[in-house]
Structure formats: structure tokens, C-alpha cells
Amino acid sequence: MSSFTAAETSAPELNLEANSLSSDPSTPKPNDGKRPMFYEFKPTETVKAAHGTTLRCKTWEAEAALRMLENNLDPAVSLVYDELIVYGGAGRAARNWKEYQTIVKTLKQLEADETMLVQSGKAVGVLKTWPHAPRVLIANSNIVPAWSTQEYFDELDKMGLMMYGQMTAGSWIYIATQGILQGTYETFAAMADKHFGGSLRGTITVTAGLGGMSGAQPLAVTMNDGVCLVIEPIDERVKQKVREGYVDEQANDLTHALELCERAKADGKGWSVGLTGNAATILPRLLELGFQAEIVTDQTSAHDLMDYIPEGEIGEVLALREANPEEFKRQALAAIVKHVEAILEMQRRGTIAVDYGNNLRGQAEKGGLNVRDEAGQFLYPGFVPGYIRPLFCEGKGPFRWAALSGDPQDILRIDRALLETFPDNKLLARWIEKAQAKVPFIGLPARVCWLGYGEREKFGLVINDLVARGEVSAPIVIGRDHLDCGSVASPNRETEGMKDGSDAVADWPLLNALANCASGADWVSLHNGGGVGIGNSTHSGMVIVATGTPEKAERLRRVLTTDPGMGIFRHADAGYELAQDVARERGAKIPGMKQV
């Protein structure tokens, strides 16, 4: 097990987005004419999740929502604390500091039969509902479809009427880079099975980006015994990921980076190398040098041009973003075109290219680059249609939990229970072994693994029983990423290339949110634009708290069947025989489908 805990994790030494208004976090800041942040309401003490069993709210469900909100903002977890930005460019936990304070106050006063409504990071109402109804309902970034553009969103954002919730930033279930790590591990494991005989040993993957999400890629590659070269334009991000253990070593320059990668490849060693630089500059240089990686992908923040760093000296580039946003976006788009051109050329030379869902291909297409074949399909596939969709057809996806006690021992106890519950799942056992050895606890201790239809319900009840017996010291939050089998419509990512052509049908995440409300989830969220940018996706989130009571056991049984069941429904409806077989085998009721 890693001994790297939240207490040992230092906050970033640099404001990574270069847009904080003061280096002194205790100093109130005036609004700067961009978006109203109400810095005068910023807490004098740094926000971090409370630990232990003392309640500040009237129920554990409301307390859990409060602690997870606080955890999202913990400087060890969040990207830009001053701006309430958690990850993904500008994904926020609350609209501004004034609204954050209102949300906190409302959660503390919320009765056991009341529900708080949150509209794009602002508490807008409290309803009298039921004890088994959600305590919080959240909607972020949702705009009437004809107006759902980045430009229109930006205007609303500047007026203080909206915020970008990304996926788990605005739904308060972010668990730092680990949140996407196991899914990334599963993806690279599937690539290893498909192309390299089951292991990435002796291969090099080239990628870019070391933000909160993209930082998962180098560790996921090394967990599959491969070598990873990851390029990041902001030097402090490279250093941070080395400190956290997600990257093994920082290179001095490109020559040094290639030497380290080639040496590790020759030794058959899993190793990751971080290189400070810009992918639009480095990838063409790799082509000039005749360097050929086995895999190339990318996870820079490309969904919003204001978050993709163009070429140039980093200080000048970030200053340009402040002084002339339109020119910054023009240069970012030009850099994306160069970036994707290089990926396509690497693919032509024999490298396996895969898009990791940040809309890089879509942005390059906007910049005038041809990224599709004659049939209209992308020239290189996204990771979901390429490697993950069969898992979605089984209702599998990212199932995560966090210890409200703050005690890492609670997570380790649940790890043991997980292995005891699924003793024949060798991939899961390998993941837990590697996660305990390599994944730091940052903020509230947490874990993630991929479980399927039937498995989530089974293990949710195990967790609830551990709470009931006092084998963990406080209730456990159970949630997931919005990137899941039945909770998202995203034609450039999760629903790319659906068998029946239903890529852009957004009814499914809406039904997912409604179904989770009906089944008794503790908070439910519905967002627009996570991962790939405003107007390009609709997705929903779900959280339920295992409190150890018999009543909660029944709600866990319903929610953790309903939620992944939407993935079975969605893929069976699209014509995937695997999903139809799983539905028959596990008793999912689908009207009109033959049961034999």
C-alpha cells in the first residue's frame, strides 16, 4: 500500500491556469470584469473535507454532500482553488464563493425530508419531499439545444448566470486523478490484449496532458507494464505528477526523454517520463527524428479552446490568454491542427492511434483538417468504440467510493471485501494490488474499480454491511463518473459509432437521472458538455451513501441495479447482441425483446 496520504500532498506551487487574482489566498479580491467570483465571501480557512463522525448537517446524506463538495475544492485535489476550478479546464464545484457559502449553509439546515435544488452551482430552492428522495438535485451548464454553443455559454458565464460543471466537478464526486485511472487502465489493458498479446511490455505510448484527468494515462500505461512519454506545456504540472507518483521521472529535454524511454523499453520495464513541452511542437519533431511509438493518444484539455495551450513560451502564451482571448483561441486551434496532423502521420507509419475523448479530432476538423474517411468515420477511433464498448454492453463502468471518516484504513478494509466478494476476477485483483502500491490517497481516501450489472448491487450491499457492523468507521459515499455505460450521450466519445446510428440521442442520460431519482439515490446531477465541450454531450451522475441501515440497503439494491441497468437498456436497444444476452441472463426487463 502507498503511504502517500492527503496530509503529505502539498498544494500546487503555481496557479496552473495563470488566472488567479492574488497570490495571497486570504486576501479578498475584487471582480476583474470577467465573471463575478465574489472573493469577499471566500473562507478565511482553506476548504478541506471534514473527517470523523461528527455531523454538521442533520443527516449523513447531507453531510456526505458537504464533505464531497469540500473535497472537490481541497487544494491538493482541485486545479485552481481560488476560482473553484476542480479539473478539466474550467470545471467548477460552485458558481462563485458567495454561492458556495449559500450551498454550505443550506446543506447544514436541510431536513431529512427536504431536497435542495442547485442550478449551475447556485442553490435556488428547497423542496419538501421524502426521506427516501434525493437530498440534492443538480443541473449544470444545460442550455436549450439551438443555443447550446461555447460562445453563448461564455456570455452566460461572464454574467454570472452559469458555470461549467464538467462531469464530477459540479456533481461533487471527483476523487482526483484516481477517478479516471482504473478506466484508463482497463482501456490500455484492452489495447494490450488486442494488439500486443496481453501486455504493453516492450512498447512506448506517446501522449500529452498532465491535468487532473490526463495525469492518469502514464500510470495506467506503466500498470500494464508499458513505457509512456507524456508531454505537458506547464512545467509545474509535470513536477506535481512526479511528486504524486503518477509519473516516474521528468526528462531534461527531448533527447533525454527518448533515451529514458528507449532504455526502459529495452529492459521490458514499466516506466513513465514527463517532458515539459507542447505536443504540437514535440510530435512533429518525433516524426522528423524517425521515432516510432507503438501507441499515440492525447488527453490535453481540448474541448474548450481557452484551455488548450498553443505553442510558444509558456509565460507569453498565458499572458496572451488574458490580454487577447480571441487570438489565443486562434493560435490554440492552429496548434491542435498540427497536433492531429502529427498523430495521423504517426498512424500512417504504423503507430496505433486512439482518441481519448477530449474532442481533439473535432476541434482539428473545425480548423480545416480532414479527420474522417469517405464513410464519415474518424480516421482514428475513439477509445470507447475501439476498446470499451463491450464492457458497456455488460453494464460495466466506473464504480467509486470514498471514506467520509478520512481514514485510509476504511478503504483498505473495503479493498479486502472487494477481493473476497469477487475472488475469480483476476483483472480486478491485479488492479487492487497495483492501486494499493502506486495510487496516492489525495483528499478523502477513495477507490474506484469497474463493476458490471449485478456486481454493483452486490458490492454496494457488502459496503453497507461493513458500515452496519462498524468495520469501517463512518458511512461510505458510493458514486461514479458520468462516463458510464448508460448515463451519457456524447457522439465524439462514449456514444461514437453506435451500431444503430443513435450516437446523438440524449434521451438516455435524461432517463438515467430520472430513474435514479425514482430509485432513491441521495443526489443526482444532469450536465451538458463534460469532457468534449458545451453542446457536444449530455450526461448524468448519481451518488448514494451507505449508512449501514436496512432502509439504505433497500435503496442501494434499487439504485445500484437501476443505474448500470440503463447501460443494458441503451445498448440492447441499439442492437448489441452482447447487451441483449446479458439482459436475458441477468433478468433485465426490456419490453419487446425476446427472452429466449
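Which residues does Trp 172 touch, not counting residues up to four places away in sequence? The views below begin with this residue. The model is predicted, so local features need pLDDT of at least 70 and side-chain atom pairs count only at pLDDT 80 or more, while totals for chains, interfaces and linings use all residues. Residues are numbered from 1 along each chain as its sequence is written, and side-chain values use heavy atoms, with hydrogens and water left out.

**View 1. Trp 172 and its contacts.** Trp 172 touches Ala 65, Met 68, Leu 69, Asn 72, Ala 93, Ile 103, Leu 107, Met 116, Val 118, Val 136, Ile 138 and Trp 523. Contact means heavy atoms within 4.5 Å.

**View 2. The largest nonpolar core, of 113 residues.** A nonpolar core is a set of buried Ala, Val, Leu, Ile, Met, Phe, Trp, Tyr and Cys residues joined through side-chain atoms within 4.5 Å. Buried means under 20% relative accessible area, exposed over 50%, and partly exposed in between (1.4 Å probe, protein chains only). The members that touch the most others are Leu 107, Trp 172, Trp 401, Trp 431, Phe 459, Ile 478 and Trp 523. Helix α1 (residues 60-73) gives the most to this core, namely eight residues. Helices (H or I, at least four residues) and strands (E, at least two) are DSSP runs, numbered from the N terminus. Another core, of 44 residues, lies apart from the largest one; Leu 254, Val 273, Val 340 and Met 346 are among its members. In soluble globular proteins, nonpolar side chains tend to be buried together.

**View 3. Val 47, in the segment before α1.** Val 47 is buried, with a relative accessible area of 5%. Leaving aside neighbours within four places in sequence, Val 47 is in contact with Glu 70, Leu 73, Asp 74, Pro 75, Tyr 81, Trp 97 and Tyr 100.

**View 4. Helix α12 (residues 383-393).** Nine of the eleven residues of α12 are buried, so this helix is largely enclosed by the rest of the structure. The buried residues are Phe 383, Val 384, Gly 386, Tyr 387, Ile 388, Arg 389, Leu 391, Phe 392 and Cys 393. They pack against α4 (178-195), β11 (352-353), β13 (446-451), α17 (550-573) and α18 (577-586). Gly 395, which follows α12, has a positive phi, near 75°.

**View 5. Helix α16 (residues 507-519) packed with α17.** The angle is about 160° and the axes are 9 Å apart. Axes are lines fitted to C-alpha atoms, for helices over the stretch in contact, and angles run from 0 to 180 degrees between N-to-C directions. The two helices, α16 and α17, are therefore roughly antiparallel. Angles under 35 degrees count as roughly parallel, over 145 as roughly antiparallel, 65 to 115 as roughly perpendicular and the rest as oblique. Residues of α16 in the contact include Trp 508, Leu 511 and Ala 515, and those of α17 include Val 559, Met 566 and Phe 569.

**View 6. Helix α5 (residues 216-223) with helix α14 (residues 426-438).** Their axes lie 11 Å apart, at an angle of about 125°, and α5 and α14 are therefore oblique to each other. Leu 219, Thr 222 and Met 223 of α5 meet Arg 430, Trp 431, Lys 434, Ala 435 and Lys 438 of α14.
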